[in-house]
Amino acid sequence: MLSVRDVSHGVLKDVELSADSGTLVALTGHSGSGKSTLCHLLAGFERPEQGTVTLEGRPTAEITDWRQIAVVPQRLALLEQLTAVENLLLAARLAVETTQAEKILDRLGVDVLAERPVGQGSIGEQQRVAVARALLLDSSLVVLDEPTAHQDDDNARRVIDAVLAGVEAGSLVITSTHDPRLLNHAGFTLPLGTGL
Ligand SMILES: Nc1ncnc2c1ncn2[C@@H]1O[C@H](COP(=O)(O)OP(=O)(O)OP(=O)(O)O)[C@@H](O)[C@H]1O
């Protein structure tokens, strides 16, 4: 269970959210409404100025295990000199087989980067590598910041199918998005900011 209680931080005011495993939650709101800020708090990159963000009762800021919280930050945070497979294995702390990394890269149509430095890929390809990395371990909480922002329809479909497989496998997936292709699949939506 993820629990966001009475959180105020920067532009975020009194945000409340509870969600269980096996759910897809969408964060929406206009540019600057705080979607990325909330993603950072969920991921545990920062502690909230007020309130609490906990996963199974533990502050997310104290959780460093990728099996518990996996993330696609807006700027992806890939190591550009490493291949796609190496990026995935690093996140998994080398605890998965190379074939497992190759399989999810293939599923996301980005096997072309498996053995190449990801910095050579297009932004859309790099985003799909970051999505593959976040979905690799069926982590308890998966936080995705606009994971289809750089995807055409075919590749958005690949991302969405992979996300839904993660939800099916039991992950709680929280994604910020403006994209109706993704929004349509959300179990529920948390609108942030005013006017939406
Ligand atoms: N580190 C920071 N320090 C100060 N202000 C920040 C910081 N990060 C973000 N902000 C501000 O907080 C507000 C919310 O930013 P955020 O990136 O969370 O919005 P967003 O809803 O994700 O927007 P977008 O859809 O454009 O990505 C913005 O006004 C931004 O300038």
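How many bridges join β3 to β8, and do they run parallel or antiparallel? Five bridges join the two strands, which run parallel.

1. Basis of the note. This is a predicted model, in which local features need pLDDT of at least 70 and side-chain atom pairs count only at pLDDT 80 or more, while totals for chains, interfaces and linings use all residues. Residues are numbered from 1 along each chain as its sequence is written.

2. Strand β8. Helices (H or I, at least four residues) and strands (E, at least two) are DSSP runs, numbered from the N terminus; two strands pair if DSSP finds at least two bridges between them. Besides β3, strand β7 is joined to β8 by five bridges, and these two strands also run parallel. S176 of β8 is the bridge partner of L27, and V173 of β8 stands opposite V142.

3. Burial of β8. Five of the five residues of β8 are buried (20 or more other C-beta atoms within 10 Å of the residue's own; exposed means 12 or fewer, partly exposed in between; C-beta atoms are placed from the backbone). L172, I174 and S176 point one way, whereas V173 and T175 point the other way.

4. Helix α5. This helix covers residues 153-168, and its 16 residues reach 22 Å from first C-alpha to last, close to the 22 Å expected (1.5 Å times one less than the number of residues). V159, I160, V163, G166 and V167 are buried. Seen down the helix axis, the buried residues fall within an arc of 115°, so they line one face of α5 (the arc is that of the directions from the axis to the C-beta atoms). The face turned away from the buried side carries the exposed residues D154 and E168.

5. Surroundings of α5. Its buried residues pack against β3, α4, β7, β8 and α6 (contact means C-beta atoms, placed from the backbone, within 7 Å). After α5 comes G170, with a positive phi near 115°.

6. The open sheet. Four strands, in the order β2-β1-β4-β5, form an open sheet with antiparallel pairing. β2 (12-19) and β5 (58-59) stand at the edges with a single partner strand each, so one side of each is left without a neighbour in the sheet. Five bridges join β1 (residues 2-9) to β2, and L2 stands opposite A19 in β2.

7. The ligand. Its shell consists of G10, V11, G29, S31, G32, S33, G34, K35, S36 and T37 (C-beta atom, placed from the backbone, within 6 Å). These residues divide into one nonpolar, eight polar and one charged (Ala, Val, Leu, Ile, Met, Phe, Trp, Tyr, Cys and Pro count as nonpolar, Asp, Glu, Lys and Arg as charged, and the others, Gly among them, as polar).

Conventions. Two residues are in contact if their C-beta atoms, placed from the backbone, lie within 7 Å.
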